[in-house]
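User: I have a model open and would like to go through it piece by piece. Can we start with how burial is judged, and then look at some charged residues?

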2 protein chains.
Amino acid sequence: MGVEDLYGGVEAGGTKFVCMVGGGPSNIVDRLRIETTSPEDTLTRVAQFFEVYVSSRRIRALGIGSFGPIDLEPSSPNYGCITSTPKPGWQNTNITAALQTSLHLDIAVDTDVNAAGLGEAMWGAGRGFDPFLYLTIGTGIGGGFIQNGRPLHGLSHPEMGHIRIPHDRHVDDFPGNCPFHADCFEGLANGPAIERRLGRRPEALSDEDPFWQTEAGYIGAALATYVLILSPARIILGGGIMQRRFMLPVIRRAVLESLNGYVQQAPLLERIEEYIVSPQLGSESGAFGALALARQAAAGSRSH
Amino acid sequence: MGVEDLYGGVEAGGTKFVCMVGGGPSNIVDRLRIETTSPEDTLTRVAQFFEVYVSSRRIRALGIGSFGPIDLEPSSPNYGCITSTPKPGWQNTNITAALQTSLHLDIAVDTDVNAAGLGEAMWGAGRGFDPFLYLTIGTGIGGGFIQNGRPLHGLSHPEMGHIRIPHDRHVDDFPGNCPFHADCFEGLANGPAIERRLGRRPEALSDEDPFWQTEAGYIGAALATYVLILSPARIILGGGIMQRRFMLPVIRRAVLESLNGYVQQAPLLERIEEYIVSPQLGSESGAFGALALARQAAAGSRSH
């Protein structure tokens, strides 16, 4: 086996940044986890971590999977910039340009969820399933649709968490907490929505709490919509809420109930436990995905 | 200019079949429109129409855009077969195999709406917009998502008409007429749903009928979901309902209301009259799209 090329990866989150140097999940040379503070302090610490690897030419490119929304329009002067985030101080922070200025190397950037999808595509549960959907359900809800090893980008990146789903106020009178859409999927089912509805953080609920059935119903209804529009060959469910492992079979049943027999495909009807699955990279899909982005950037610059 | 290659195209619909021989919209050599009767009679007449062009080697390949659902799994023994349609007599009709047996030429098959999207991609309102969504709203509701000149296929073809959308029963107490999902988008907004709700066919409603505002709201809510999941660079709205031209601006406003400022993209916010548009091939997107399918089939068989 030859020496594997090394890359830098940054999972840029609203509460923490995870930085890695490595070739892939089986070959991580160095890592750093820092709390997200101000853009200046945070990005300075990120640049310091990578500097030695860049100056010694040990890493070829850097990938960033970032919280957002991010401007990903290649022709935009704000390419790679975090735009209208509610995170204080981070509005209009061009994380990509800042690290480019400090480090002078090829940088590829995408949303955190697209990066996580890419990580699962290259090294995880997405291998052999094309196209597939990676969904994260936690503080935020978002999805990345990966086709032929690339995340779907159109007019912009998808914002799948904000779709409407059926909301029966007789069952759940919480009005939703999305500032844009009130009771969209994210507004009903993300971590903060659970906390505001029940007065306790989701981590504090027991597995027996009846709310989990409602939550699984919302997730199932949303997945049914994704199946009808995207027809993915597999769905991978990550994020904090999905660490409750008992949820997965409840969600699978809810998807089948929502579709009600309309989509007659064997993977759904006969092998749903292989159709809707957990990530194989656990909570590190995003950081490994950032390495995958860097690999693609390096391959792209070689081919130019 | 050289002589253009000729192709055969079949738009296979539940009420009519449209057959064409030509190179594209500006070069149609022959056409036939027949009522859809039994599979045997209908397919015999289709084969007779094309036979002279096949035996004289004037057409290189045949494309079919068909009503469905269709089995489009390439490895399936039923590839190209209409499966669980409610159309009497047509269940499990392998339209593709039947025409292959009669005509002995390369045949490409896809859904009617994917074919129509392909027609708009090659010769219509989809040119220069990648990816884009073609949606038909009529007796049925369906969508084709066209990327790089190809319709999205995953586990199967998408079934976008069957997504859930908000349904306020205080405004519209019609329970929906989808046999699978009751008040999904198609169950609330297709032609038969309008007729069953109001006791009159949609064609009999005046432009001033207040129901059109409700209908535009449903269409706008569904388009908002497609925008959030697919992020298309353009949306093309075809089908019988969209022949009411006053609907287009009402729908555009409804999409913006549903998104409520969340998607900050200039094409939506500043140029929505160029973002949500009518087909350029009118009601013939599907038949021309079948020709486009045939062109791709011929190009594919050349490259093997």
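Analyst: A residue is called buried when its relative accessible area is under 20%, exposed when it is over 50%, and partly exposed in between. Please keep in mind that this is a predicted model. By that cut-off B:D172 is buried, because its relative accessible area is 5%.

User: What does B:D172 form a salt bridge with?

Analyst: The partner is B:R197, and the closest N and O atoms of the two are 3.0 Å apart. The pair links distant parts of the chain, since B:D172 lies in the loop between β8 (150-151) and α4 (185-189) of chain B while B:R197 lies in helix α5 (residues 191-198), 25 residues apart.

User: And is B:R197 buried or exposed?

Analyst: B:R197 counts as buried because its relative accessible area is 16%.

User: How many salt bridges are there over all chains?

Analyst: A search of the whole structure finds 18. One of them joins the side chains of A:R201 and A:E203, at 2.8 Å from N to O; there A:R201 is partly exposed, at 47% relative accessibility, and A:E203 is exposed, at 52%. In chain B, B:E195 forms a salt bridge with B:R201, with the closest N and O atoms 3.8 Å apart. Both ends of that pair are partly exposed, B:E195 at 33% relative accessibility and B:R201 at 46%. There is also a network, in which salt bridges that share partners join A:R164, A:R169 and A:D183.

User: Now A:E120, where is that?

Analyst: A:E120 sits in helix α3 of chain A, which covers residues 112-123. A:E120 is buried and yet has no salt bridge, and the nearest side chain of opposite charge, that of A:R234, is 7.5 Å away. A salt bridge needs a nitrogen and a carboxyl oxygen within 4 Å.

User: So what is A:E120 in contact with?

Analyst: Leaving aside neighbours within four places in sequence, the contacts of A:E120 include A:A125, A:G126, A:R127, A:F132 and A:Y134, and also A:I236. Further along the chain, A:P279, A:Q280, A:L281, A:G282 and A:S285 are among the residues in contact with A:E120.

User: Switching to the interface: how many residues of chain A are in contact with chain B?

Analyst: There are 35 residues of chain A in contact with 35 residues of chain B. The area buried between the two chains is about 3,200 Å², and carbon and sulfur atoms give 64% of that area. On the side of chain A, A:L155, A:I229 and A:Y262 supply 26% of the area buried against chain B, which is more than any other three residues.

User: What about salt bridges and polar contacts between chain A and chain B?

Analyst: The count of salt bridges between chain A and chain B is zero, whereas 17 residue pairs are in polar contact across the interface, with both residues at pLDDT 80 or more.

User: Which elements of chain A supply the side that touches chain B?

Analyst: β7 (141-147), α6 (211-230), α7 (247-259) and α8 (266-269) of chain A each supply at least two residues. The largest share, five residues, comes from α6(A). By type, the residues of this side divide into 20 nonpolar, 13 polar and two charged.

User: Next, the backbone. Which residues does a cis peptide bond join in chain A?

Analyst: In chain A a cis peptide bond joins A:G68 and A:P69, with omega about 5°, and A:P69 is placed in the loop between β4 (59-66) and α2 (95-103). In chain B the peptide bond from B:G68 to B:P69 is cis, with omega near 5°, and B:P69 lies in the loop between β4 (59-66) and α2 (95-103) of that chain.

User: Which residue has a positive phi although it is not a glycine?

Analyst: B:N92 does, with a phi of about 60°, and its place is in the loop between β4 and α2 of chain B. B:N92 counts as exposed because its relative accessibility is 60%. Phi of B:H104 is also positive, near 50°, and B:H104 lies in the loop between α2 and β5 (106-111) of chain B. B:H104 is exposed, with a relative accessible area of 64%.

User: Last one, B:R245: where does that lie?

Analyst: B:R245 lies in the loop between β9 (234-238) and α7 (247-259) of chain B, and at 56% relative accessibility B:R245 counts as exposed. B:R245 and B:S278 are 33 residues apart in sequence, while their C-alpha atoms are 8.8 Å apart in space.

Note on methods
Residues numbered from 1 in each chain as written. Chains lettered and ligands numbered in written order. Predicted model: local features only at pLDDT ≥ 70, side-chain atom pairs only at ≥ 80, totals over all residues. Heavy atoms only, no water. Helix = DSSP H or I, 4+ residues; strand = E, 2+ residues; numbered from the N terminus. Buried < 20%, exposed > 50% of the residue type's maximum accessible area, 1.4 Å probe, protein only. Lys, Arg positive; Asp, Glu negative; His and termini not counted. Contact = heavy atoms within 4.5 Å. Buried area = accessible area lost by both parts, 1.4 Å probe. Polar contact = N/O pair within 3.5 Å; in protein donor to acceptor, adjacent residues only side chain to side chain. Nonpolar A, V, L, I, M, F, W, Y, C, P; charged D, E, K, R; others polar.
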